[in-house]
Amino acid sequence: MTHANALMRALPDGLLLADACGRIVEVNDALCTMMGYSRDEVLGLEPPYPWWPEDQIDAIAGRFAASMAERSARWELTFQRRDGRRFPVSVASSALAADGDGVAGFASVLRDTTDEHRERERLRAAEGRLRQAQRMADIGSFEVDYRTGEARWSEELFRLLGLPPHQDPQAIVEARARLADPDGSRLIEVANATRADGEPRELLHHYRRGDELRVAEMRIEPLGDEDGERYGVRDTMQDVTERCRAEAEIHLQAHLLDAVDVTVVATDLAGVITHWNRGAQHALGWRPAEAIGRPVTELTTVAGRLGTMADVLDEIRDARQWEGELEVSRRDGTTFPGYVRAALFVDRDGAPAGIVGVCVDVSAQIETERRLRAASDYQRAITDSMGEGLYTLDVDGRLMYLNRAGEELLGWRSFELEGELMDRITGGPGPDGAAVRSHEDVFVRRDDTELAVEVSAAPFETAAGVRGTVVVFKDITERKERERELERQLERISWIGRLRAALAEDRFELHAQPIVDLATGATVQHELLIRLRDEDGTLVAPGRFLPTAERFGLIGDIDQWVVTQGIGYAACGHPVEVNLSAQSLGNPDLLGAIGAELRRTGADPQLLAFEITETAIIQDAAAAEWFITRLRELGCRVALDDFGTGYGGFTYLKRLPIDDLKIDIEFVRDLTESAASQEVVRAVVSLARGFGQRTVAEGVEDDATMDLLRELGVDCAQGFAIARPAPVADVLGRT
């Protein structure tokens, strides 16, 4: 065995040697295994090779011919194994020099890139999940490579700053301008320090989003290579404005509690003191510094009564609240009867976080006790609802109190809301004695718009015997919008699998709608409209799946299917019109497939029209012009859809070889009532005649509109007034 043969056998990629005519003279085992053919079956084959997909033969042949002229080339192609399965391939081809300047043949190395494609898809999915996580957590990121000066940032960083996403070098200058001085300079200093010593750092800084000054927490970490060299930093920015506001509210509440001459003590779940207000210091004699961190039983329980206090703590942890009288001990050993109300409080996730208790010396006069209990109840209601709307109703449903947040959310002031108005806003109070919590409800504002809210309502009774209902509500509009967006994203993602399954199982269908000559009433053509037959047998309109197909790269396969079906009907002698997406314009593979299918079926290309929207042309005018010109060279017709809705339509008529102008439904719908629409249609007809083009009115729904279109000189029409789209097999028969 020669060294060359040994190398061919050892090479993990497929290797093919061919002469100047493309006849295969040698292959290695890896190529035979890749394609599913034996060496004897492959040797001597000439193009097209059996692993070239039939619908791509022309395109692949053209590329290989080009490689002979260029001496070397590299492409990403799709090949087909013997069992019919297609797979992505990376092909590197080089011409073999002959004596003189000629080419003796070429050598091609073929690599199956299926795993690489899967890995790229996995990475794209992972990046998508990361972006979604950052979006939901209000996090953005930014990296700087000090060696090259290059910067990379996530789209979420600009969303946090209230800027549109950028990828140009000047974008970070605009982003930095949002940092409030001196925080911007301090951030640079901290980043340089992290780069120098490799220690991660965190800092809070202010930034502007629109006119609002917000707070962000920045974590700066070093970036290094495998040799340990630090070459840059990564900054992770999280908006903590709401957290800082909540902490400020907590501090405010603590000051409010200190201002009240009532004993207020908070502990963790084990009963260790975490808060000791001034009222506790005054009543019990212990300073906060002496009390915090010690068991509450140690400072407040009368000797010999530890068991009773332990039972109370257990009951609070089990029942979440406790209320009653206890004998309370002071620092000096004296005691007093105290009325204690204690309850569990929870963290933001709803998990128990500790116990808060209020103690009142009930040895004072009854009137003083009542005032303190009323003040305690009132303060608790207010502090528990800070930042949320709150109102109270008496037993007859009349409004007693509405806080400022409630006024802002509802648009009403408290003195304006009485009886019937409260019923219109909330539907009236709930049944007496029943606590109610609704995670999703709707209130009506003053301007009659609806407000999505989360509502908690509970009955109350003051020490003075006043009874009623307290209602706390929170605006959840933003949360509902996030939920709806997540639902829309999940639906789009679910459509990816459904579309792939529909392609694999051939569950797409075509409906046909006739286009008639307004002068003779004869049908001159049928527009083919795609539908999808879902797994449960229901028919799905294109508006539900085509946007997802365009977004996730499946529209090309759908266009290919529609084109193949349309050419089949043209081959049977039916004039048909098929729609092409914007992504297919400029696709040489699709163009090659159209030419190949026309030759294979023998269809008259004049019976085949391709409909392209004006907005698709605007996206890439050069590619559209090239594609339309090639279609016309094949002999096919081209129709420009939605004409009149874009800004450059009249310019395109001058440059593009268009056969039909389809007047947008926007100007047809109100034609009999709008003089402006009539003038637009009249202008389009005049323009089309000047360019030798046929006009087609879309969306014709009544005879009066048809008569007026005929009067204005429009050539053809389609719409419900003529016929609704129907299954193509029923209209044209089967191909």
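Colleague: Is Asp506 buried or exposed?

Modeller: Buried means under 20% relative accessible area, exposed over 50%, and partly exposed in between, with a 1.4 Å probe and protein chains only. Asp506 counts as exposed because its relative accessibility is 53%. This is a predicted model, in which local features need pLDDT of at least 70, side-chain atom pairs count only at pLDDT 80 or more, and totals for chains, interfaces and linings use all residues. Residues are numbered from 1 along each chain as its sequence is written, and side-chain values use heavy atoms, with hydrogens and water left out.

Colleague: Where is Asp506, and what is its phi?

Modeller: Most residues other than glycine have a negative phi, and most peptide bonds are trans. Asp506 has a positive phi, near 55°. Asp506 sits in the loop between helix H17 (477–504) and strand E21 (508–517). Helices (H or I, at least four residues) and strands (E, at least two) are DSSP runs, numbered from the N terminus.

Colleague: Which residues does a cis peptide bond join?

Modeller: Pro47 and Pro48 are joined by one, with omega about 0°. Pro48 belongs to the loop between helix H3 (39–42) and helix H4 (57–70).

Colleague: How many helices and strands are there in the protein?

Modeller: The protein has 27 helices and 30 strands. Of its 735 residues, 40% are buried.

Colleague: Which residues touch the most other members of the largest nonpolar core?

Modeller: In soluble globular proteins, nonpolar side chains tend to be buried together. A nonpolar core here is a set of buried Ala, Val, Leu, Ile, Met, Phe, Trp, Tyr and Cys residues joined through side-chain atoms within 4.5 Å. The largest has 68 residues, and Leu499, Phe508, Leu528, Phe610 and Val681 touch the most other members. Helix H19 (residues 555–571) gives the most to this core, namely 8 residues. A second, separate core has 24 residues, including Leu16, Cys32, Trp75 and Leu77.

Colleague: What is Val681 in contact with?

Modeller: Contact means heavy atoms within 4.5 Å. Beyond its neighbours within four places in sequence, Val681 is in contact with Ile663, Phe667, Leu671, Leu709, Leu712 and Val714.

Colleague: At what angle do H25 and H26 pack?

Modeller: Axes are lines fitted to C-alpha atoms, for helices over the stretch in contact, and angles run from 0 to 180 degrees between N-to-C directions. Helix H25 (residues 675–690) and helix H26 (residues 703–712) pack at about 45°, with axes 10 Å apart. H25 is therefore oblique to H26; angles under 35 degrees count as roughly parallel, over 145 as roughly antiparallel, 65 to 115 as roughly perpendicular and the rest as oblique. Gln678, Val681, Arg682 and Val685 of H25 meet Leu708, Leu709 and Leu712 of H26.

Colleague: Is Leu554 buried or exposed?

Modeller: Leu554 is buried, at a relative accessible area of 7%. Leu554 lies in the loop between helix H18 (542–551) and H19. Not counting residues up to four places away in sequence, Leu554 touches Ile496, Leu499, Arg500 and Ala549. The C-alpha atoms of Leu554 and Ile496 are 8.1 Å apart, although 58 residues separate the two along the chain.

Colleague: What does Ala571 touch?

Modeller: Ala571, in helix H19, touches Thr601 and Ala603, leaving out residues up to four places away in sequence. Ala571 is partly exposed, with a relative accessible area of 36%.
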